[in-house]
Amino acid sequence: MFASLHKVKPVWAVTFLFFCASTVHAQSSEPVDPLQAGIQAGIAAFEKGDYDQAIAKLQKPAATFNGDALYYLGEAVTFHAGRTGYLKQAFNVHKLGVEAGDKRAQFRMAEMLATGVPNKQDIDGALALLRQSAEAGYVPARETLPFILQARAQAREWADKIKPA
């Protein structure tokens, strides 16, 4: 069959290939399993701003240490500011994401540590996570790291110039 395709007019050949490609794409975009469906539903709810629904849909997949589920669950908890202790809860979820190797969770946890979440500021810990995220290829971390390192060097230079009273 394929050997005779060269005899077919180019328009028909392109249409045939497009149809085959779109059929394969349609088949591959369907959720593979219920866990993946839960992740997709949770992400969709998060993107709509329905954080309660996102949290409900992402809890089960997050329990499997899925990086996407953990990241979006942490973000949903972060943005769901009406929950008591939400920043500490979000920190704990992102910590699991870091353990799962998610570069977005590393970046978010670096932000949290730098600003004092959950209990106190940890600049060294924040820099370590920011470096991990940048080395993993996360673009926001790659863009942020040079500025942070430059600011830190300038702060040290400034501090060295201050004489103790």
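Which residues in H7 meet which residues in H8? From H7 come Ile 123, Asp 124, Leu 127, Leu 130, Arg 131, Ser 133 and Ala 134, and they meet Ala 141, Arg 142, Thr 144, Leu 145, Ile 148, Leu 149 and Arg 152 in H8 (contact means heavy atoms within 4.5 Å). By class, this contact has 8 nonpolar, 2 polar and 4 charged residues.

A word on the model: it is predicted, with local features needing pLDDT of at least 70 and side-chain atom pairs counting only at pLDDT 80 or more, while totals for chains, interfaces and linings use all residues. Residues are numbered from 1 along each chain, and side-chain values use heavy atoms, leaving out hydrogens and water.

Back to the helices (DSSP runs of H or I, at least four residues, numbered from the N terminus). H7 and H8 pack at about 145 degrees, axes 9 Å apart, where angles run from 0 to 180 degrees between N-to-C directions and axes are lines fitted to C-alpha atoms over the stretch in contact.

Now the rings. There are 6 aromatic pairs here (ring centres within 6.5 Å; planes under 30 degrees apart are stacked, over 60 edge-to-face, the rest tilted). Two of them:

| Pair | Centre to centre | Between planes | Type |
|---|---|---|---|
| Phe 46 and Tyr 72 | 5.4 Å | 65 degrees | edge-to-face |
| Phe 107 and Tyr 138 | 5.5 Å | 65 degrees | edge-to-face |

Phe 46 sits in H2 and Tyr 72 in H4, so their pair ties together parts 26 residues apart in sequence. Phe 46 is buried at 14% relative accessible area, and Tyr 72 is buried at 16% (buried means under 20%, exposed over 50%, partly exposed in between, with a 1.4 Å probe and protein chains only). Phe 107 and Tyr 138 are both buried too.

Key:
Helix = DSSP H or I, 4+ residues; strand = E, 2+ residues; numbered from the N terminus. Nonpolar A, V, L, I, M, F, W, Y, C, P; charged D, E, K, R; others polar.
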